[in-house]
Amino acid sequence: MQNIPPNVQNEITQFQQVEQQYQMIASQLQSVTVELKELEDTLEALKAVSEEEVYKSAGSILFKSDKATVEEDMTKRKETLSLRKTTLERQETRLRTKLQESQKKIQELIGSGKFAQGS
Amino acid sequence: MEDITQLSTQMAMLERQIEALNQNMKMMQSHLHELLVTKETLTNIKDAKAGQEVLFPIGGGCFTFGKIVQPNQVIVNIGSNIAVKESTDKGIVSVESRIEDIKKLMAQTSASYSELKKRMEELDAHGHKMMQQQEKPNIK
């Protein structure tokens, strides 16, 4: 690392920072996607339930509720998650582009030999 | 030297993937065990009489006294912290289906694990070969 000139070192540091942000966003996107899929599957399963009485788990106990209320709550949650997912997808695309650009810049700096002068 | 560095990076990546698959397998095995116990419990509940005295586990190896009120109905989790009332028979079918799903997933994971292990062995052998070649003195 000692032989790497400051301009290349700066670019590498920036790349690493963006990479960290990217990984954080990608991980959030994955968990939102999983939760949304589970929610959609549950809503689908609820449609097939004839009983009006359903239960919501809270910790280790189940609270009695009714199908309509649960469906309403879940639909609201689904909307919130869908919105969050769209935002995260946009952020992920933006960061991925930024990473590709930064990677290209580092390769150009190394390829052109500019770093040898430390400029 | 460049090739050895690349090879070492590839091997480190494979090692991480193998470890992740290993962890997944352990989690799936534990989940499968839990489902098999659930199936056995449901089967026994189905055959029980209403009002039959049983002991319910409350964790830590402790039990509390209780009675089976409705042996023909159970509450089943359908995801997202929501549970619904189902017939015990339907509950058993639902658990059996989940057991089959997890078994399929375990078979797939096991195949991927073997594939990665094989690739790792190939890379390892290739690495040894490269090292041996580098260690040979340059005789002119």
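**View 1. Leu21(B) in helix α1 of chain B.** Leu21(B) is placed in helix α1, residues 2–47 of chain B, where helices (H or I, at least four residues) and strands (E, at least two) are DSSP runs numbered from the N terminus. This is a predicted model, in which local features need pLDDT of at least 70 and side-chain atom pairs count only at pLDDT 80 or more, while totals for chains, interfaces and linings use all residues. Residues are numbered from 1 along each chain as its sequence is written, chains are lettered from A and ligands numbered from 1 in the order in which they are written, and side-chain values use heavy atoms, with hydrogens and water left out. Leu21(B) counts as buried because its relative accessible area is 15% (buried means under 20%, exposed over 50%, partly exposed in between, with a 1.4 Å probe and protein chains only). Leaving aside residues up to four places away in sequence, Leu21(B) touches Thr109(B), Ser112(B), Tyr113(B) and Leu116(B), contact meaning heavy atoms within 4.5 Å. Between the C-alpha atoms of Leu21(B) and Thr38(B), which are 17 residues apart along the chain, the separation is 25 Å.

**View 2. The interface of chain B and chain A.** The two chains bury about 1100 Å² between them, 60% of it on carbon and sulfur atoms; buried area is the accessible area (1.4 Å probe) that two parts lose on being put together, summed over both. Of the area that chain B buries against chain A, 44% is supplied by Ser80(B), Ile82(B) and Lys85(B), more than by any other three residues. Chain B brings 10 residues to the contact and chain A brings 15 residues.

View 3. Lys85(B) lies in strand β4 of chain B, and its side chain meets that of Glu53(A) in a salt bridge (3.4 Å, N to O), defined as a side-chain nitrogen of Lys or Arg within 4 Å of a carboxyl oxygen of Asp or Glu. The rule finds one salt bridge across the interface of chain B and chain A. The elements that give two or more residues to the side of chain B that touches chain A are β3 (73–79) and β4 (82–87) of chain B.

**View 4. Phe65(B) in strand β2 of chain B.** Phe65(B) belongs to strand β2, residues 62–67 of chain B, and it counts as exposed because its relative accessibility is 72%.
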